[in-house]
Amino acid sequence: RSDRPSQPLKGWKCADLVQMATALAHGRLDNQSVLSAVYEEALRRLRSRNGLSISEISILLWSQARMHLTKNFGAAFAEFPSAASQALLQRMGRSSMKMPPQEGANVAWSLTVLEQYDDDVINLLQKIFNTASSCEEGVIQLEHAHQLWQSYFLLSADCPEAVKNVPEEFTKYLEHKWNLEKSRCKKSSKKHQAISKTLDLMRVAHRNEYDEDVDVAIVLEENSAWTHTAASDFD
């Protein structure tokens with residue numbers, strides 16, 4: 001019989017659960033035992049309507065998506081997106097409140113990454129895009145517009161039901177914001193310039209400011225499409 005407590009994190013505050021998940025996500029630390037315990041406890045609290053705020057639910061979803069903790073990694077990860085969506089819908093329904101733009105964009109992006117589209121998830125995505133499309137100019141920050149565009153672009157193919165009612169004018173706005181960012185001339189920070197210089201000294205071929213927001217991309221194959229002047233030193 002397992003000696004593991006059935007609820008090892010029962011005494012933790014909601015903020016503790018969120019901070020642990022966020023720390024592991026930012027550090028890309030795939031500690032399955034800790035993450036499973038965190039999401040099992042968060043799931044229990046969602047179902048008992050105990051604690052977790054809209055912001056905390058949003059952060060937990062974001063952390064799960066950043067670590068790509070899909071249903072393949074356990075029951076808690078399989079169940080959390082739907083349970084979180086249901087909890088958010090209930091809160092929005094009881095108070096007739098709208099989800100703030102930051103939380104809405106984070107949740108939409110996270111649910112899209114996790115690809116678990118049941119009725120609650122689809123309903124929540126529809127409400128998020130409906131709310132976002134009715135915001136006045138300037139309310140949605142650039143970062144969140146990018147998240148919404150990424151989500152919309154993928155959902156259009158993977159789950160069109162979730163975005164079928166998004167106004168065309170709003171999708172054009174999101175796409176415009178995305179294209180503006182991608183066409184912007186990017187300059188490496190001093191930190192990344194130092195990394196690049198070190199790689200040059202090590203004769204490691206690389207490319208700075210790669211298209212998909214990668215700060216320093218290392219060339220792994222000689223025939224790679226990524227190029228750098230250092231590559232010529234290999235011959």
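Which residues in H1 meet Val34, Leu35, Val38, Tyr39, Glu41, Ala42 and Arg45 in H2? They are Cys14, Leu17, Met20, Ala21 and Leu24, where meeting means heavy atoms within 4.5 Å. Before going on, a word on the ground rules: this is a predicted model, with local features needing pLDDT of at least 70 and side-chain atom pairs counting only at pLDDT 80 or more, while totals for chains, interfaces and linings use all residues. Residues are numbered from 1 along each chain as its sequence is written, and side-chain values use heavy atoms, leaving out hydrogens and water.

H1 covers residues 14-27 and H2 residues 32-47; helices here are DSSP runs (H or I, at least four residues), numbered from the N terminus. The two pack at about 140°, with axes 10 Å apart. Axes are lines fitted to C-alpha atoms over the stretch in contact, and angles run from 0 to 180 degrees between N-to-C directions. The H1/H2 crossing is left-handed, that is, the near helix is turned anticlockwise from the far one by less than a right angle. By class, the contact has 10 nonpolar, no polar and 2 charged residues (nonpolar is Ala, Val, Leu, Ile, Met, Phe, Trp, Tyr, Cys and Pro; charged is Asp, Glu, Lys and Arg; the others, Gly among them, are polar).

Rings of Phe, Tyr and Trp (its six-membered ring) pair if their centres lie within 6.5 Å, with planes under 30 degrees apart called stacked, over 60 edge-to-face and the rest tilted. That rule gives 6 aromatic pairs. For Tyr39 and Phe80, the ring centres are 5.2 Å apart and the planes sit at 90°, so this pair is edge-to-face. It links distant parts of the chain, since Tyr39 is in H2 and Phe80 in helix H4 (residues 75-95), 41 residues apart.

Now look at H5 (residues 101-114) and H7 (residues 142-158), whose axes come within 9 Å and cross at roughly 35°. This crossing, too, is left-handed. On the H5 side the contact includes Ala105, Trp109 and Thr112, and on the H7 side His144, Leu148 and Leu155 are among the residues involved. The contact divides into 6 nonpolar, 7 polar and no charged residues.
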